[in-house]
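User: I am new to this structure. Could you show me how to read its features, one at a time?

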Amino acid sequence: MTDEEYMILAINEAEKAFDKGEIPIGAVVTYKGAIIATAHNEREHTTDPTSHAEIVALRKAAQMLERWRLTGCTLYVTIEPCPMCAGAILNARIDRIVYGASDRKYGAIKSVFHLCDTDVLNHHVEVKDGVLSERCKQLMDSFFSLCR
């Protein structure tokens with residue numbers, strides 16, 4: 001599958017969050033080309049501030065692989081991860097992250113902070129941004145326009 005095809009699956013997850021009244025962010029984790037985890041935001045449902053799509057997907061992937069080091073994995077996420085999620089991505093040793101739309105307020109990959117692009121840390125993550133970004137952005141804009 002292509003990055004765009006995996007991102008469509010992440011968008012499907014984001015739509016599930018939208019339907020539940022959650023901020024519509026979706027994530028997919030792959031390992032050796034196989035999908036090992038999918039998730040969407042669940043903060044409202046779980047009342048857990050850490051239940052971001054990325055964190056939930058990383059937890060599921062770690063359970064599936066039975067290890068916390070997620071080397072060899074790619075994370076697809078509809079919106080640029082926040083600082084908490086970027087930290088989890090680095091700690092999980094994800095090899096690659098692919099995201100859709102940038103987050104100009106909380107983005108911690110390229111927009112506001114550059115947590116995955118530093119020589120200070122011992123782990124580096126390959127980053128690809130802008131995959132189906134308009135579609136990802138439109139979903140967020142639709143959600144927040146309903147909230148206003």
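User: Let me start with a pair of strands. Which residue in β5 is the bridge partner of Arg 96?

Analyst: Note that the model is predicted. Strands of a sheet pair through backbone hydrogen bonds, in either a parallel or an antiparallel sense. Here, Arg 96 has Glu 126 of β5 as its bridge partner. β4 and β5 pair in the parallel sense, over three bridges.

User: What is the order of the strands in the sheet?

Analyst: Read across the sheet, strand by strand. The order is β2-β1-β3-β4-β5. The sheet is open, has five strands and shows mixed pairing. Its edges are β2 (34-40) and β5 (126-128). Each has a single partner strand, so one side of each lacks a neighbour in the sheet. From one strand to the next, the twist averages 15°.

User: Which residue does UniProt list for "active site"?

Analyst: The UniProt entry, which is unreviewed, lists Glu 54. Now place that residue in the model. Glu 54 lies in helix α3 (residues 53-65). Its relative accessibility is 3%, so Glu 54 counts as buried. Leaving out residues up to four places away in sequence, its contacts are Ile 25, Ala 27, Leu 75, Val 77, Ile 79, Pro 81, Cys 82 and Cys 85.

User: Now a helix. What span should the 15 residues of α5 have, and how far apart are its end C-alpha atoms?

Analyst: Helix α5 covers residues 133-147. At 1.5 Å a residue, α5 should span 21 Å. Its end C-alpha atoms are 21 Å apart, which agrees.

User: Which residues of α5 are buried, and where do they fall around the axis?

Analyst: The buried ones include Cys 136, Leu 139, Met 140 and Phe 143. Look down the axis of α5: its buried residues fall within an arc of 90°, so they line one face of the helix.

User: What covers the buried residues of α5?

Analyst: Look for other elements in contact with them. The cover includes α1 (3-19), β3 (73-79) and β4 (96-101).

Technical notes:
Residues numbered from 1 in each chain as written. Predicted model: local features only at pLDDT ≥ 70, side-chain atom pairs only at ≥ 80, totals over all residues. Heavy atoms only, no water. Helix = DSSP H or I, 4+ residues; strand = E, 2+ residues; numbered from the N terminus. Expected span 1.5 Å × (residues − 1). Buried < 20%, exposed > 50% of the residue type's maximum accessible area, 1.4 Å probe, protein only. Arc of directions from axis to C-beta. Contact = heavy atoms within 4.5 Å. UniProt positions renumbered as here; feature names shortened; annotations may be inferred. Pairing = 2+ DSSP bridges. Axes fitted to C-alpha atoms, helices over the stretch in contact; angles between N-to-C directions.
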